[in-house]
Amino acid sequence: MKEKSYIKHPIQKNCIYHGDSLSILKTIPSNSVDLVFADPPYNLQLKNKLLRPDSSKVDAVNDKWDQFESFKNYDDFTTNWLTEIKRITKQDGTIWVIGSYHNIFRMGKIIQDLGFWILNDIIWRKSNPMPNFRGTRFTNAHETLIWAAQGQDAKYDFNYQAMKSLNDGIQMRSDWEIPICSGKERLKDVSGKKIHSTQKPEALLHRVLLSSSSPGDLILDPFFGTGTTGAVAKKLGRNYIGIEQDKKYIKEAKKRINNVTLLGKKELEVTESKKNQIRVPFGSLVESGVIKPGSVLKGPKSLKAKKFSATVRADGSVYSEGEKGSIHQISAKLQGKESCNGWTFWHLENNGELQLIDNLRTNFINANKVN
């Protein structure tokens with residue numbers, strides 16, 4: 001892993017660039033980055049020390065990089081770096097921006113003003129948030145992520161089935177319960193003090209990158225900090241560019257990323273969306289002999305539909321109870337439905353066991369490497 005003070009064309013992947021984020025962003029070629037994850041200063045506007053009930057000091061965010069003279073200064077800062085991000089990101093790429101109530105609404109307006117199209121706002125619900133020690137407000141237990149595409153018609157990546165698999169087969173919602181960074185993952189110095197006050201958990205970045213990028217994609221983090229984005233990108237087989245102005249953070253990020261083990265090709269594969277799979281007609285399985293004419297298909301064994309059966313014909317159609325048609329038409333008619341996916345309804349008996357014909361289709365595609 002390298003550290004550069006400026007960028008030469010073309011972009012050097014898997015590097016951390018030291019310096020002012022805006023200055024370095026201006027040197028990156030247009031339309032060159034697949035995904036951006038930005039964790040910018042929040043402008044928390046903390047004026048006084050935050051104390052616990054026992055008068056001990058809370059290790060809050062009071063770094064100079066998080067301090068701005070006014071909302072206007074913060075808005076100008078945000079507009080400038082997001083304008084460069086808009087130029088740098090590929091037309092079908094997306095951006096993720098994270099913030100708290102202090103800044104997320106200001107950033108959301110600017111994101112829309114610049115022509116981005118907001119796809120989701122994700123609520124990161126912290127399972128272990130810092131309590132409200134003064135008892136004057138609700139406990140602030142979440143942060144918000146904005147996920148946006150370059151425009152309304154952009155053909156962005158979304159690994160829907162992978163997110164569903166990550167969520168035990170249930171559609172992933174826009175509220176994510178993930179604990180804040182703690183324990184061994186939290187980077188600390190020799191005295192036990194946090195190295196970075198807003199280090200994000202790797203679980204959060206894992207979900208972001210897995211949902212909206214692919215292995216080999218280039219991920220940009222313009223506020224790299226201690227390298228959570230880079231560490232997760234490396235683990236998931238993505239490339240990254242980090243920009244960071246604090247050399248102490250860069251040093252820790254480099255050590256952290258160097259210790260990451262890259263997953264193998266098989267481990268990096270994710271559940272593919274059905275709409276992205278190669279289309280193979282049922283007739284192809286018949287003419288190839290995978291399913292022979294005269295074979296009897298049966299309904300799902302776990303449902304009353306198991307009483308339904310249909311016989312396969314030489315042209316890939318099926319017939320049952322005097323009706324004939326495609327696997328989809330007949331499964332729908334037998335159930336009295338408007339439509340039905342025959343691939344996930346019909347089974348073929350093999351050695352006493354029922355095999356879903358959709359699985360037979362998948363095996364056929366893999367065996368023949370259909371393109």
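Predicted model: local features only at pLDDT ≥ 70, side-chain atom pairs only at ≥ 80, totals over all residues.

Me: How many disulfides does the structure hold?

Reply: The general idea is that a disulfide covalently joins the sulfur atoms of two cysteines. Here the count is zero.

Me: On to the rings, then. How many aromatic pairs are there?

Reply: Rings pair when their centres lie within 6.5 Å, and this structure has eleven such pairs. Take Trp96 and Trp176: their centres are 6.0 Å apart with 40 degrees between the planes, which makes the pair tilted. Trp96 belongs to strand β4 and Trp176 to strand β7, so the pair connects distant parts of the chain, 80 residues apart. Both side chains are buried, Trp96 at 1% and Trp176 at 3%.

Me: Why is the pair of Trp147 and Tyr156 edge-to-face?

Reply: Planes over 60 degrees apart get that label. Trp147 and Tyr156 qualify because their planes sit at 85 degrees, with the centres 5.5 Å apart. Trp147 is buried at 4%, whereas Tyr156 is partly exposed at 33%.

Me: Which residues do ring pairs link into a cluster?

Reply: Trp96, Trp147, Tyr156, Phe158, Tyr160 and Trp176.

Me: And which charges sit over rings?

Reply: Look for a Lys or Arg end above a ring face. Examples include Arg361, whose charged end is over the ring of Trp343, 4.1 Å from its centre, and Lys126, which lies over the face of Trp124 at 5.1 Å from the ring centre.

Technical notes
Residues numbered from 1 in each chain as written. Heavy atoms only, no water. Disulfide = S-S within 2.5 Å. Phe/Tyr/Trp six-rings, centres within 6.5 Å; stacked < 30°, edge-to-face > 60°. Helix = DSSP H or I, 4+ residues; strand = E, 2+ residues; numbered from the N terminus. Buried < 20%, exposed > 50% of the residue type's maximum accessible area, 1.4 Å probe, protein only. Lys NZ or Arg CZ within 6 Å of the ring centre and 35° of its normal.
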